[in-house]
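Reader: I have a structure to learn from. Can we go through it in short questions and answers?

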Amino acid sequence: MNLTEPQLRRLATACLVLVVLGFIASIALELAAGRADEAVFTALLLSFPVVGFLVLSRRPDNRLAWLMVAMGVFAAITGPLQGYGAYAVERDLPYGPLALALSGPGWVPFIAISGFLLLLFPDGHLPSPRWRWFAWLCGVSLTIVFVTIWF
């Protein structure tokens with residue numbers, strides 16, 4: 001399915017809204033839980049989607065930029081869970097351990113996408129067709145790890 005340039009721009013804008021809201025919630029919850037070091041780390045993770053959005057504003061078809069945005073989307077989804085989990089466990093609120101358990105494997109997509117960024121750098125393509133097996137091996141392996149950790 002090929003999306004047009006305006007559709008890609010709208011999708012990038014929707015992702016931007018999700019990332020901003022998720023990161024604000026993550027940082028606020030981590031600060032409320034007294035975990036300033038985690039809040040700083042979360043703010044640093046924001047650099048990946050910000051760079052992705054800057055590139056997408058000019059070139060909405062850039063594969064590497066979409067990978068960076070995907071990293072931000074995953075962090076924006078799992079970050080508030082982790083922040084709430086830490087906050088809730090400290091204050092004995094409901095679902096704190098569940099939130100921590102659900103956010104636990106949130107690092108897997110981030111690391112997996114980071115690896116693919118390195119593999120596809122600088123032009124969004126594998127260095128040669130001989131690398132295809134390695135890309136498939138990485139993708140399948142990380143999917144297995146992600147599924148076994150989360151489920």
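Author: Start with one cut-off. A residue counts as buried under 20% relative accessible area, as exposed over 50%, and as partly exposed in between. Keep in mind that this is a predicted model.

Reader: Is Trp 131 buried, partly exposed or exposed?
Author: The relative accessibility of Trp 131 is 37%. Buried needs a value under 20%, and exposed needs one over 50%. Trp 131 sits between these limits, so the class is partly exposed.

Reader: Where is Trp 131 along the chain, and how far is it from Leu 119 in space?
Author: Trp 131 belongs to the loop between H6 and H7. Twelve residues of sequence separate it from Leu 119. From C-alpha to C-alpha, the distance in space is 8.7 Å.

Reader: Which pattern does the protein follow along the sequence?
Author: Count the elements first: there are seven helices and zero strands. Read along the sequence, the pattern is α-α-α-α-α-α-α.

Reader: What box do the C-alpha atoms fill, and what share of the residues is buried?
Author: Taken along the principal axes, the box is roughly 50 × 35 × 25 Å. The protein has 151 residues. Of these, the buried share is 34%.

Reader: Which elements give two or more residues to the nonpolar surface patch?
Author: The patch is formed by Trp 107, Ile 111, Val 145 and Ile 149. Together they have about 370 Å² of accessible area. Two or more of the residues come from each of these elements: helix H6 (107-120) and helix H7 (132-150).

Reader: Which residues lie nearest the centre of the largest pocket?
Author: This pocket has a volume of about 340 Å³. Its lining holds 16 residues. Nearest the centre are Phe 41, Leu 45, Thr 78, Gln 82 and Trp 107.

Reader: Which helices each supply at least two residues of that lining, and how does the lining of the largest pocket divide by class?
Author: The helices are helix H1 (5-32), helix H2 (36-45), helix H4 (63-91) and H6. By class, the lining of the largest pocket has seven nonpolar, seven polar and two charged residues.

Reader: Which helix gives the most to the lining of the second largest pocket?
Author: The second largest pocket has a volume of about 180 Å³. Its lining has 13 residues, including Asn 62, Arg 63 and Leu 64. Helix H3 (47-58) and H4 each give two or more. With four residues, the top contributor is H4.

Reader: How many residues in the lining of the second largest pocket are charged?
Author: Sort the lining of the second largest pocket by class. Six are nonpolar and three are polar. The charged ones number four.

Reader: What is omega for the cis peptide bond?
Author: The bond joins Phe 121 and Pro 122. Pro 122 lies in the loop between H6 and H7. For this cis bond, omega is about 5°.

Reader: What is phi for Asp 92, and what is it for Tyr 95?
Author: Asp 92 and Tyr 95 are in the loop between H4 and helix H5 (96-103). Asp 92 is exposed at 72% relative accessible area, and Tyr 95 is exposed at 62%. Neither Asp 92 nor Tyr 95 is a glycine, yet phi is positive in each. The value is about 55° for Asp 92 and near 65° for Tyr 95.

Reader: How many salt bridges does the whole structure have?
Author: Glu 5 and Arg 9 form one, at 2.7 Å from N to O. Arg 35 and Glu 38 form one at 3.8 Å, and Arg 91 and Glu 90 form one at 3.3 Å. A search of the whole structure gives three.

Reader: What separates Glu 5 and Arg 9 along helix H1?
Author: Glu 5 is partly exposed at 44% relative accessibility, and Arg 9 is partly exposed at 32%. They are four residues apart in helix H1, so their separation is about one helical turn.

Methods:
Residues numbered from 1 in each chain as written. Predicted model: local features only at pLDDT ≥ 70, side-chain atom pairs only at ≥ 80, totals over all residues. Heavy atoms only, no water. Patch = residues over 30% accessible without salt bridge, like charges linked within 9 Å, V, L, I, M, F, W, Y side chains within 5 Å. Areas by Shrake-Rupley, 256 points an atom, 1.4 Å probe, with all protein chains shown as cover. Salt bridge = Lys/Arg side-chain N within 4 Å of Asp/Glu carboxyl O. 1 Å grid on protein atoms, 1.4 Å probe; cavity = no way out; pocket = protein on both sides within 12 Å on 5 of 7 lines; lining within 4 Å. Points joined across faces, edges and corners; volume = space filled by probe spheres on them. Nonpolar A, V, L, I, M, F, W, Y, C, P; charged D, E, K, R; others polar. Buried < 20%, exposed > 50% of the residue type's maximum accessible area, 1.4 Å probe, protein only.
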